[in-house]
Amino acid sequence: MTFRQFAYRNVIRNRRIYAAFFMASIFSVMVFFMYSMLLFHPKIEDEFLREFAASGMIVAEIILYIFTLFFLFYSMSAFLQARSKEFGLLLQIGMEKKQLNRLIFLESMLIGAVSIAIGIFFGYAFSKFFFMIVRELLQLDSLPLYVSYKPFALTIGAFFSLFIIIAMTSVVFIREQKIIELIRGYWKTDELQNYSTVKAYLGIGMLLFVYGAAAFTSKNVVLAFAIVLPPLAALGTYFFFTHSVLFLLHQIRKRKSLYWRPYRLIAVSEVAVKLRENARMYFIVTIVSTVAFLSVGTLTSLSSYTGQFRQLNPLSLIYTSEMTNPYESDHITTLRKELEEQGLSYTLVPFLIKQQTSSFSQNSVDILRESDVNSLAIALGSPLIELDTGEAMFIPYSEESVDSLTNREIQTVLEESNVPIQIRGVYPQMLFPSMIIGSNIIAVSDEDYQLIVEPFSGKRKQDSSYKFFAFHVAEWERTKSIGLDIESQVTDAIDDDGFTNLPFYFENPGLNYSVIRATFSLLLFTGLMVAAVLLLAAGSFVYFKLYTGLERDKRQFDLLKRMGLTDQELIKIVNRQLIPQFFLPWGIAMLHSAFSFLSLQVIWRNLAEVSILSEMILVLIGFTLIQVVYYFLIRWRYISHVRAS
Amino acid sequence: MTILKMDEVTKVYEGKVTHRAINQLSFEVNKGEFVAVMGPSGSGKTTLLNLISTIDSATSGTITIDGQRPEEMTKTELALFRRRQLGFVFQDFNLLQMLTVEENLVLPLTLDGIPIDEMKSRIKEFAKKLDLNQILEKRPNEISGGQSQRTAIGRALIHKPNFILADEPTGNLDSKASRDVLELLSKVNQDQRTTILMVTHDPIAASYCDRVIFIKDGEFFNEIYSDERRQTFFQRILNVLSLLGGNVNDLSTIRLP
């Protein structure tokens, strides 16, 4: 048996212990690889999407890398600690420290190499599937599988460096200990009360304060809170796990009537030991889960914003044109032709918008004709209007203006043409997206419209009115390839000068929608994948800790069974031991996220009128289900292990 | 009155190598007796103890404990039987590390859901008897071996079982602590008429008993009863042990002064 064979056999024969973090590292290699496949994909044509997808992937890769580094380091050192007896024995029979380090290095590299290989294998196998999802999200025509050395090189390079770092650093702890300490094993029970009462109260107090602040957040302070609260919550959580929990358990232990109960005595004391041993781990798991919950929740709420997009942009294609625009008929013909080629049925409603000065406000006002508005309303399926001579109606320019204009009533004269009108009421919904036409729009009756003939003061006749072509397409989401030429002329002009001096303007909400939707759903998808890795790792932390303590637990349950513990009682005790370990970090993470969502809700209300409550509940329920499944899985394994004797 | 009756008990471990750990062993233990089982390594002492502890079952033959037959009981009934009728003392104490001495003592009572007041009064009673008052709040890793074994004995006694099974209770103790523990066991045996079956290597420990049963290769070898003086009993035990011809290392070299 050569030295390398020895290292190899150590890993292979300990595979059951290695399994959990082996799985987690394979999974993160796999996800990392798939992201890099997308990162280097030659066929993401759209400039913006490419840039966006690439930067999203890079951020996700960095998060994955750092987290995996951290996770593997923790698992590795816990694992080495659990094996300290074995290392003590090896040193006792004359192994040099140098050789021991080499052994551990070889073992880590073996695990690393195998998980990189398997991870990349599965990553490549699932890449096509991954691309199909991304293609669907980005609404691309095709996103074929490709072969290039780049994603392979990135993944292998990244994870090999990672495993080398782990292998070099995880041996540190062994160097410091004496052989006799290694042989005695790391399992030492410290005294019970190694918590500080002050910090225990501080932990609870800080959490309560943070929750209170988050719950009663208002517009004005929310940003300040967003900076102060997270670190405070993190610190509070840390104290909570390292001090408050032990303090609370000690309070239970002091009350014998609570504590000296059939299952409680063992379960509570066991939980106290496990929580104290793993306080830092639970803290990390809590923070990681909170971040995962939050990012997924936020991203889901972003996508719910896209659901309201249609309401804000009722028209499918918009073309505005000045009277002097020489391209007008060309452009309109092109648009019509493109729509027909795509097989999209549409309604075109042209408007001639006249500008006059209102005697009431001395501001310019854009005037629409009643019959034009009605033709658009018919196309959109919106309510019709009826105006008599001398009557007019506001057309809302934003959602809020519907409310603010409802009860306005104004008597005014369109000064240039001397047409007296009374403006009363508002059209009940948005007809044009804001920003396209002015904010001072009214509709007048056809008769009055005819009377407006004089040019807007200080302007020539052809400058005091403009045309507005409103296309209504029922299948508005499919218009993203319509009018790309005109669109690029407009964006080029804006890019050059910051504003458009072209005699026309074009907007395609279908295209905008597809960009926003693709962006958000890609973000969400990326976030979900990262969150899945994080949760899997968090779960395997718990599993791993259980596994390293299994020998001791097994002996304990053997003793209890000899003393007359029935199988049902054993399961009850195991439940009481495992539930806090699984659900305490989870519960705190849930509380954290719930209160963070409360604050986020305030921010969202300010930015866009979006409620994220239902998404948030969905996300929390989803994660809870995953956690429950994971709990039963681990409990099943654990019970079958402690029972086997 | 018989509390334990072993009748032609045989235990065979199947496996790659079939091993007959106990072979047609028969003996009886009377109520209130303090019995030692001795034998060289591999003679089946631990297997015997496991059979009597009802955590293992015999291949053939019958075991009767306090009129009950373990092989006829369900797993749950067995657990309840062990919980109420049996008390265990181990070589390495097997105290639960995360519990204090006091909590370790009440463990069997909490399993059975005894009222708190009752538990408290039992603690008071046994802490005094076993001299544990000073260390009730301590954890097992903070007390000496002798204190640990006294705690373990307290745990074995606190639910007032009929029958105590001790597996090398002095194996991990120095001579002073050993003597304390043995005197304690014989005091318990005399005061409460509790039956004790003790498996041991140590002839000194055995010399505290009323009777010593010797087994060899899973079979009954000999038994001797105590007499007036412990010294002479001890010598007779040594004589049988030399007859047994076990490995010399199995015999304790300690002699009484």
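Two strands pair if DSSP finds at least two bridges between them. Keep that in mind while walking through this predicted model.

Start in chain A. Strand β5 (residues 409–414) and strand β6 (residues 419–426) of chain A are joined by six bridges and run antiparallel. One bridge links A:Gln411 to A:Gln422 in β6(A). The two strands form a hairpin, with four residues between them. In that turn, A:Asn418 has a positive phi of about 55 degrees.

Now move to chain B. Strands of a sheet pair through backbone hydrogen bonds, either parallel or antiparallel. Here, three strands make an open sheet in the order β2-β1-β4 (chain B), and the pairing is antiparallel. At the edges lie β2 (19–30) and β4 (60–65) of chain B, each pairing on one side only. On average, neighbouring strands of this sheet are turned by 15 degrees against each other, direction ignored. Five bridges join β1 (residues 2–13) of chain B to β4(B). Among the residues involved, B:Leu4 has B:Ile65 of β4(B) as its bridge partner. Helix α1 (residues 45–52) of chain B packs on the sheet and touches β1, β2 and β4 of chain B. The direction of α1 makes about 120 degrees with that of β1(B).

Further along chain B, two helices meet. The axes of α5 (residues 145–157) and α6 (residues 175–192) of chain B come within 9 Å and cross at roughly 20 degrees. Angles under 35 degrees count as roughly parallel, so α5(B) and α6(B) are roughly parallel to each other. Their crossing is right-handed. Contact residues include B:Ile153 and B:Leu157 of α5(B), and B:Leu184 and B:Val188 of α6(B). By class, this contact has seven nonpolar, three polar and two charged residues.

Definitions and conventions
Residues numbered from 1 in each chain as written. Chains lettered and ligands numbered in written order. Predicted model: local features only at pLDDT ≥ 70, side-chain atom pairs only at ≥ 80, totals over all residues. Axes fitted to C-alpha atoms, helices over the stretch in contact; angles between N-to-C directions. Contact = placed C-beta atoms within 7 Å. Parallel < 35°, antiparallel > 145°, perpendicular 65-115°, else oblique. Left-handed = near helix turned anticlockwise from the far one by under 90°. Nonpolar A, V, L, I, M, F, W, Y, C, P; charged D, E, K, R; others polar.
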